Amino acid sequence: MNGVITSHDWTRWASIFGDSGFEIYETTTKTYAIKEVHSVIGGPARHMLEAREVLDDIKTRFFELDEMTAGFTPEQKDRYLMLWVQNLKKMTGQIRKTAAKDVLKQLQEEGLVLTREAIEEVQDWN
């Protein structure tokens, strides 16, 4: 069959890789859940899935950029990826530092009543 790796093929390629000192890398791909799942899964679990999808997209993009720079010199590749990570830190820095307090403030402005313990816990995060 065309485009299918058989057991024989895999054994042959694994042997070649092992003999040559190469490592096998797995790539990440986007896998989207069926939309109905989001309506079944409640609040925090659904939000954790959504956050994981965002973080997975960022990691996937990093590995794509890493592959795209395969033709760069080691110094060029290091500089390129370093700048990408620095830009990522700039874009997410403020939200990583103050997001919990900002969301708490927004909830209070919307009139959501929170327990004192919940408020103190969020305030202790930063």
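Guide: Met68, Phe72 and Tyr80 make a nonpolar surface patch of about 290 Å². This is a predicted model. Tyr80 sits in helix α4, which covers residues 74-109.

A pair of aromatic rings is described by the distance of the centres and the angle of the planes. The count of aromatic pairs comes to 3. One of them joins Phe62 and Phe63, with 5.6 Å centre to centre and 80 degrees between the planes. That pair is edge-to-face, because planes over 60 degrees apart count as such. Phe62 is partly exposed, at a relative accessible area of 25%. Phe63 is partly exposed too, at 41%.

Phe72 has a relative accessible area of 35%, and Tyr80 has 34%. Both values fall between the 20% and 50% cut-offs, so Phe72 and Tyr80 count as partly exposed.

Phe62 and Phe63 belong to one aromatic cluster with Trp84.

Now the setting. The chain holds 5 helices and 0 strands. Buried residues make up 7% of its 126 residues. The chain exposes about 11100 Å², and carbon and sulfur atoms supply 59% of that area. Take the contacts between residues at least 6 apart in sequence: 22% of them join residues at least 24 apart.

Note on methods
Residues numbered from 1 in each chain as written. Predicted model: local features only at pLDDT ≥ 70, side-chain atom pairs only at ≥ 80, totals over all residues. Heavy atoms only, no water. Patch = residues over 30% accessible without salt bridge, like charges linked within 9 Å, V, L, I, M, F, W, Y side chains within 5 Å. Areas by Shrake-Rupley, 256 points an atom, 1.4 Å probe, with all protein chains shown as cover. Salt bridge = Lys/Arg side-chain N within 4 Å of Asp/Glu carboxyl O. Helix = DSSP H or I, 4+ residues; strand = E, 2+ residues; numbered from the N terminus. Buried < 20%, exposed > 50% of the residue type's maximum accessible area, 1.4 Å probe, protein only. Contact = heavy atoms within 4.5 Å. Phe/Tyr/Trp six-rings, centres within 6.5 Å; stacked < 30°, edge-to-face > 60°.
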